[in-house]
Amino acid sequence: MLENIRIVLVNTSHTGNIGSVARAMKTMGLSQLTLVDPVQPPDSHASALAAGATDILHQAVTVGTLSEAIEGCGLVIGTSARNRTLDWPLLGPREAAGQLLRESENYQVALVFGRESSGLTNEELQQCTHHVHIPSNPDYSSLNLAMAVQTLAYEVRMQWLEAQETAPAGQGEAEALSYPLTEDLERFYVHLEQTLTDTGFIIKQHPGQVMAKLRRLFTRARPETNELNILRGILASVDKSIS
C-alpha cells in the first residue's frame with residue numbers, strides 16, 4: 001500500500017527542502033517522490049539534508065507538469081492552506097491518510113504539495129480529486145514544506161500500522177469500487193467542454209466559470225469508472241445528434 005503512494009512537489013524553490021522532504025518520507029516508509037518543474041534539480045545541499053535518504057532523491061522522477069506527475073493515479077489529494085473561490089471536497093489529515101491507504105490497494109495515489117511561497121494554483125488544485133488542510137494554529141499557521149509532508153506522512157503511517165493489525169478486515173469496500181484515473185477524467189472534461197461548445201451552451205469567446213464549476217460538481221460526485229463511461233456515452237450520443 002505504501003509503495004503506491006506518490007509524493008508530488010510542485011515547482012520547489014530550494015533544493016534543501018527537497019532533501020528534507022526525502023528524509024521525512026523515508027522515516028514514514030514512503031519511497032515515491034515526483035518533482036514537477038523544480039527551480040533546481042536536487043544537488044549536494046539536498047543530499048546533505050536528506051540525511052541518509054539519498055536513495056529517495058536518486059529514484060525521484062522529474063516532470064514538467066502536474067498532469068504528468070499524477071498520470072496513472074486514481075486519487076489525487078492536493079494540500080491547500082486557504083479557502084478558494086470554488087470549494088473542493090476538503091479532508092482533514094487523518095481522513096486524507098485513510099482515503100490514500102484504502103485506494104492505494106487498487107491503483108497509484110498522489111499527495112501533492114505546492115510552492116513554498118504560494119502553494120498550488122487554483123488550476124493545479126482543480127486537477128486534484130480532493131484537498132487536504134492541516135489545521136495549524138491560526139495565529140501562526142506557517143508550516144514549511146518538509147513539516148507539511150512529515151505531518152501527513154505520519155498520519156499515513158499510523159493508519160497503515162493499524163491496518164496491518166486488523167487486515168484483512170475492511171478490504172471489501174476498496175475492492176468493490178473502481179474510480180477512473182486522472183487522465184480518464186481529463187479526457188472526459190475535454191469531451192464535455194467540446195460538446196457544450198458545439199451545442200452553444202459554452203460561448204468560446206466568453207466561457208466564464210462553467211467548466212470550473214462542472215469540474216467541482218463531478219469532483220464532489222466522484223463518478224465510478226462505469227458511471228464515467230455512461231457519461232461519455234451520453235456525450236457521444238449528443239455529438240452524433242448535432243453532427
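Colleague: At roughly what angle do the axes of helix H9 and helix H10 cross?
Modeller: This is a predicted model. Helix H9 covers residues 182-198 and helix H10 covers residues 210-221. Their axes come within 11 Å, and the crossing angle is roughly 135 degrees.

Colleague: Are H9 and H10 parallel or oblique to each other?
Modeller: Angles over 145 degrees count as roughly antiparallel, and 65 to 115 as roughly perpendicular. The axes of H9 and H10 cross at roughly 135 degrees. The two helices are therefore oblique.

Colleague: Which residues of H10 make the contact with H9?
Modeller: H9 passes H10 in a right-handed crossing. From H9, the contact uses Glu-186, Phe-188, Tyr-189, Leu-192, Glu-193 and Leu-196. From H10, the residues are Met-211, Leu-214, Arg-215, Phe-218 and Thr-219.

Colleague: Are H9 and helix H11 oblique or roughly parallel?
Modeller: Helix H11 spans residues 225-242, and its axis comes within 10 Å of that of H9. The crossing angle is roughly 25 degrees, and angles under 35 degrees count as roughly parallel. H9 and H11 are therefore roughly parallel.

Colleague: Is the crossing of H9 and H11 left-handed or right-handed?
Modeller: The axes of H9 and H11 cross at roughly 25 degrees. The contact includes Phe-188 and Leu-192 of H9, with Leu-231 and Leu-235 among the residues of H11. The crossing is left-handed.

Colleague: How many residues of strand S6 are buried?
Modeller: Strand S6 runs over residues 108-113. On one side Gln-108, Ala-110 and Val-112 are buried, and on the other Val-109, Leu-111 and Phe-113 are buried, which leaves both faces covered.

Colleague: Which residue of S6 is the bridge partner of Ile-7?
Modeller: Strand S1, residues 5-10, pairs with S6 in the parallel sense over five bridges. In S6, the partner of Ile-7 is Leu-111.

Colleague: Which residue stands opposite Ala-110 in S6?
Modeller: Strand S4, residues 73-79, also pairs with S6, in the parallel sense and over five bridges. Opposite Ala-110 stands Val-76.

Colleague: Is His-130 buried or exposed?
Modeller: His-130 belongs to strand S7, residues 130-132. Leaving aside neighbours within four places in sequence, its contacts include Leu-75, Val-76, Trp-88 and Arg-222. Buried means under 20% relative accessible area. The value for His-130 is 8%, so His-130 is buried.

Colleague: Which side chain is joined to that of His-130 by a polar contact of 3.0 Å?
Modeller: His-130 is in strand S7. The side chain joined to that of His-130 by this polar contact belongs to Thr-129.

Colleague: Is Thr-15 buried or exposed?
Modeller: Thr-15 lies in helix H1, residues 15-27. Not counting residues up to four places away in sequence, Thr-15 touches Gln-40, Pro-41, Pro-42, Asp-43, His-45 and Ala-46. Its relative accessibility is 5%, so Thr-15 counts as buried.

Colleague: Is Pro-41 buried or exposed?
Modeller: Pro-41 sits in the loop between strand S2 (32-36) and helix H2 (44-50). Exposed means over 50% relative accessible area. At 56%, Pro-41 therefore counts as exposed.

Colleague: How many Å apart in space are Pro-41 and Ala-163?
Modeller: In sequence, Pro-41 and Ala-163 are 122 residues apart. In space, C-alpha to C-alpha, the distance between Pro-41 and Ala-163 is 36 Å.

Notes
Residues are numbered from 1 along each chain as its sequence is written. This is a predicted model: local features need pLDDT of at least 70, side-chain atom pairs count only at pLDDT 80 or more; totals for chains, interfaces and linings use all residues. Side-chain values use heavy atoms; hydrogens and water are left out. Buried means under 20% relative accessible area, exposed over 50%, partly exposed in between (1.4 Å probe, protein chains only). Helices (H or I, at least four residues) and strands (E, at least two) are DSSP runs, numbered from the N terminus. Two strands pair if DSSP finds at least two bridges between them. A polar contact is a pair of N or O atoms within 3.5 Å; within protein, one must be able to donate a hydrogen and the other to accept it, and residues adjacent in sequence count only if both atoms are side-chain atoms. Contact means heavy atoms within 4.5 Å. Axes are lines fitted to C-alpha atoms, for helices over the stretch in contact, and angles run from 0 to 180 degrees between N-to-C directions. A crossing is left-handed if the near helix is turned anticlockwise from the far one by less than a right angle, and right-handed if clockwise.
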